[in-house]
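Here are my notes for you, written as numbered points. Keep the 3D view open while you read, and click on each residue as it comes up.

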Amino acid sequence: MRCDCCPACCAAHAQGQCPQDAPVYNAPIALYSGITLTFLHYIDMDLATLPALPADALALHFCLTGRAGFALPEGGTRYLGDGEALLCLGGERTLTLPNACYDGLLLCLSGDALPEPLARTPVTLDALKQKFFADAPLCLLPESEALRTLLCSFFDLPAALLPAAYQLKAQEALLRLYQQPAPQRAALPQYPAAQTEVIRRVHDQLTQNLQRRVTIEELSHQFLMNPSTLKAVFKDVYGDSIAAHIREHRMERAAELLRGTELGMGQIAQQIGYESASKFSAEFRKHFGLLPSEYRKMHK
């Protein structure tokens, strides 16, 4: 089980040594006047309501793992996946979680009373808004290894350095944001909401019937959607091809059965859609780096 503390003190918490006043997930940490940091952690959820932000705020979202959908004003959804960042304006916002989980951070800036030494730079709330929101209230940031590395580092800080490390990194993040190239316009949704809903039904059917092997053509016929469109919309929503996504679910289910039951390899293979124990074992080893029998022995 994951603990409820910020990533910086997960290890200490696991040993019963979590520092007092450690920040919790999904609760804003005040770094400066007008600058807050929130670690977001949602699991086993289809929808997540974010902490309410001031209406004039600018919010930087970074996805560490998982996937989250941000509704676009013109309709449709912009999905944020592993290692991606986007900017949006403040207010109340609900995320859709197609994979039922999400880990990320939210850095919020409101007001122009910035701390030193940031106050001596051209970085202001208005300057960032003019750059990133010229024609839309939400934009996906261009890929930047430097920014991605910086935002990932928030999740791996020693508790003894907090909150100073958060404060310094927040200032650096705003500086790097100011230096980002011209943003990509948040693409208009390629697919109607009705198609997205069909894809969710496809996903539910596949994950609830892992023992069955269904072709794209069969799904296309059943759900009345062109095969190419079906594959494209599925990848947009879930971030992976249908085959890769369902393989992940099969392996997770296999691991559960190995840990929690005494079923034989042939029985487990049958329950997750493999025609033989040998094919299941080969796929399991490719995924986990262990044979199923080794995995079971390790978890006994």
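Predicted model: local features only at pLDDT ≥ 70, side-chain atom pairs only at ≥ 80, totals over all residues.

1. Let's begin with the whole chain. How many helices and strands does the protein chain have? It comes to eleven helices and eleven strands. Of the 300 residues in the chain, 42% are buried. The chain exposes about 15400 Å², and carbon and sulfur atoms supply 52% of that. Take the contacts between residues at least 6 apart in sequence: 67% of them join residues at least 24 apart.

2. Now for two prolines. Pro117 sits in the loop between strand S9 (101–109) and helix H2 (125–132). The peptide bond that joins Glu116 to Pro117 is cis, with omega about 0 degrees. Another cis bond joins Leu162 and Pro163, and there omega is about 5 degrees. Pro163 is also a loop residue, placed between helix H3 (145–153) and helix H4 (164–179).

3. Have a look at the backbone angles of two residues. Asp44 isn't a glycine, yet its phi is positive, about 55 degrees. You'll find Asp44 in the loop between strand S2 (35–43) and strand S3 (47–49). Buried or exposed, what is Asp44? Asp44 has a relative accessible area of 70%, so it counts as exposed. Ala100 has a positive phi too, near 70 degrees, and is a residue other than glycine. Its place is the loop between strand S8 (94–96) and S9. Ala100 counts as partly exposed because its relative accessibility is 23%, and the buried class stops at under 20%.

4. Several H4 residues are buried, among them Ala165, Tyr166, Leu174 and Leu177.

5. Next, the aromatic rings. A pair of aromatic rings is described by the distance of the centres and the angle of the planes. The count for this structure is nine aromatic pairs. One of them is Tyr274 with Phe280, a tilted pair at 6.3 Å centre to centre with 45 degrees between the planes. Both of these residues are buried. Phe280 also pairs with Phe284, this time edge-to-face, at 5.8 Å and 65 degrees. Phe280 and Phe284 lie four residues apart in helix H10 (residues 277–288), about one turn of the helix. Which residues do the ring pairs link into a cluster? They are Tyr274, Phe280, Phe284, Phe288 and Tyr295.

6. Some rings have a charged side chain over the face. Arg213 lies over Tyr274, at 4.8 Å from the ring centre. Lys131 lies over the face of Tyr178, at 5.9 Å from the ring centre.

7. On to the charged pairs. Side chains of opposite charge can pair when their charged atoms come close. The structure holds eight salt bridges. In helix H3, Glu145 and Arg148 are three residues apart, about one turn, and they form a salt bridge with the closest N and O atoms 2.8 Å apart. Helix H8 (residues 242–260) holds Arg253 and Glu256, also three residues apart, and their side chains meet at 3.0 Å, N to O. Arg253 is partly exposed at 32%, and Glu256 is partly exposed at 40%. Glu275 and Lys279 form another bridge, at 2.7 Å. Glu275 is exposed at 67%, while Lys279 is partly exposed at 46%. Finally, Arg247, Glu283 and Lys286 are linked in a network of salt bridges.

8. Last stop: His203, in helix H5 (residues 193–208). His203 counts as buried because its relative accessibility is 8%. What does His203 touch, leaving aside its neighbours within four places in sequence? Its contacts are Pro98, Phe234, Tyr238, His245 and His249. His203 and His245 are 42 residues apart in sequence, and their C-alpha atoms are 9.2 Å apart in space.

Methods. Residues numbered from 1 in each chain as written. Heavy atoms only, no water. Buried < 20%, exposed > 50% of the residue type's maximum accessible area, 1.4 Å probe, protein only. Phe/Tyr/Trp six-rings, centres within 6.5 Å; stacked < 30°, edge-to-face > 60°. Lys NZ or Arg CZ within 6 Å of the ring centre and 35° of its normal. Contact = heavy atoms within 4.5 Å. Areas by Shrake-Rupley, 256 points an atom, 1.4 Å probe, with all protein chains shown as cover. Salt bridge = Lys/Arg side-chain N within 4 Å of Asp/Glu carboxyl O.
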